[in-house]
Amino acid sequence: MLRGLKFLFMMLRQILSKLPKKSSKTDSAESTRLESPLTQQRSNGSTAGLGKSSSGPKRTSSVVFPASVVAGIEPLVPFKDVPNAEKMNLFVSKVSLCCVTFDFSDPSKNTLEKDVKRQTLLELVDFVASGSMRFSEPAVLAMCRMCAVNLFRVFPPYYRSNLSSVGENDDNDDPMFDPAWPHLQIVYDLLLRFINSTCLDAKVAKKYIDHSFILRLLDLFDTEDPRERDCLKTILHRSYGKFMVHRPFIRKSLSNIFYRFVFETEKHNGIAELLEIFGSIISGFALPLKEEHKIFLWRVLIPLHKPKSVGVYFQQLSYCVLQFIEKEPRLASVVIKGILKYWPITNSQKEVMFLGELEEILEAISMVEFQKVMVPLFWRIGCCINSFHFQVLTICPALEV
């Protein structure tokens, strides 16, 4: 009996081994279906926009915009066709529809779906601008989630390599433009109107526009598209005014970006815009200045004179420094000492900028503060008088006190 079972088992194994195996295409399709969205995104967009465009005058950003797998989206009913009691639910539905993302590097893909989403976003902009009703908590959550899906993305490690010592770009280093900008611009406009809306309760919104949301918003300042940085500048400034509870965190986060830029990377596309925001923040500081603000001046603003690309953001930097001196004139000597510490040795163009900043500071300095720095200051001016650069020689006589 046992031998018979063994024989049957062996015969069965032989029969099964001769049966045809499943096609490898099935396995391949199954592995593709189970592949993570991030892996699919990388494989689909690995060659999209990774180099400079040779066909058009504008260079396209190499950022890979996340794309959803879309079979098709249908427009929802207009707001005017539903009663007021249902409008907030419709708002949430329209915002959720806009969480679908597309690949904008190929204009021919999903054209109908892109148009539906664009029209829906424009509808949402009009609805938020109308200020017809207060936003519910689910509406705030849906709005923040949609903005996160559409806006937050990782930029590739591309940096301009031909920056001159004062931050002037080479002819080949023109600004790079994101192909998704016509779409992103509407999302930014919607977010700005949403934050500015009187129908938004800051106590509710702060739970979703939280520290994590703000950090990711700050990460976007490294975009190479100047139009996006300009929108971000306005949105961050409005957020600072709207959410008072987040103000210390925003200042600290800005300081950390400046620290990394000065002491680690010296590579960031949005330093000028971030300094412009901080210039507005400084103008609102109460007197007497807190110690943390003075530390920011000494440890952040003054070291920002050091990087080679200082010319890109020098105007905004100088404005921030002068704002501190206007608030507290006794800081003038501290600032001059810091500028002398980072004085350029072999860069005449950078030296011209420093001399111009000194000229503005000396117009506001008191005699007491001037006496603290006059010896090293006159020594430095004496070195400038011996310069072979005609612009340095032209500015030096204007530094008479």
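Contact is taken here to mean heavy atoms within 4.5 Å. In this predicted model, Leu 301 touches Leu 275, Ile 282, Phe 296, Leu 317, Cys 320, Val 321 and Phe 324, residues up to four places away in sequence not being counted. Leu 301 is also one of the residues that touch the most other members of the largest nonpolar core, together with Phe 91, Phe 135, Phe 258 and Leu 304. This core comprises 107 residues, and its largest share, ten residues, is contributed by helix α7 (residues 181–196).

Helix α13 (residues 291–301) has His 293, Phe 296, Leu 297, Val 300 and Leu 301 as its buried residues. Viewed down the axis of α13, these residues fall within an arc of 110° and therefore line one face of the helix. They pack against α11 (247–265), α12 (271–283), α14 (314–327) and α15 (332–341).

Across the whole structure, 14 aromatic pairs were found. Phe 278 and Phe 296 form a stacked pair, with 4.1 Å centre to centre and 10° between the planes. Because Phe 278 lies in helix α12 and Phe 296 in helix α13, the pair ties together parts that are 18 residues apart in sequence. Phe 278 is buried at 2% relative accessibility, and Phe 296 is buried at 6%. A further stacked pair, Phe 314 and Phe 354, has 6.2 Å centre to centre and 15° between the planes. Phe 314 belongs to helix α14 and Phe 354 to helix α16 (residues 348–364), so this pair links parts that are 40 residues apart in sequence.

Phe 79, Phe 91, Phe 127, Phe 135 and Phe 194 form one aromatic cluster. Lys 94 lies over the face of Phe 79, at 5.4 Å from the ring centre.

Technical notes:
Residues numbered from 1 in each chain as written. Predicted model: local features only at pLDDT ≥ 70, side-chain atom pairs only at ≥ 80, totals over all residues. Heavy atoms only, no water. Buried < 20%, exposed > 50% of the residue type's maximum accessible area, 1.4 Å probe, protein only. Helix = DSSP H or I, 4+ residues; strand = E, 2+ residues; numbered from the N terminus. Arc of directions from axis to C-beta. Core = buried A, V, L, I, M, F, W, Y, C linked by side-chain atoms within 4.5 Å. Phe/Tyr/Trp six-rings, centres within 6.5 Å; stacked < 30°, edge-to-face > 60°. Lys NZ or Arg CZ within 6 Å of the ring centre and 35° of its normal.
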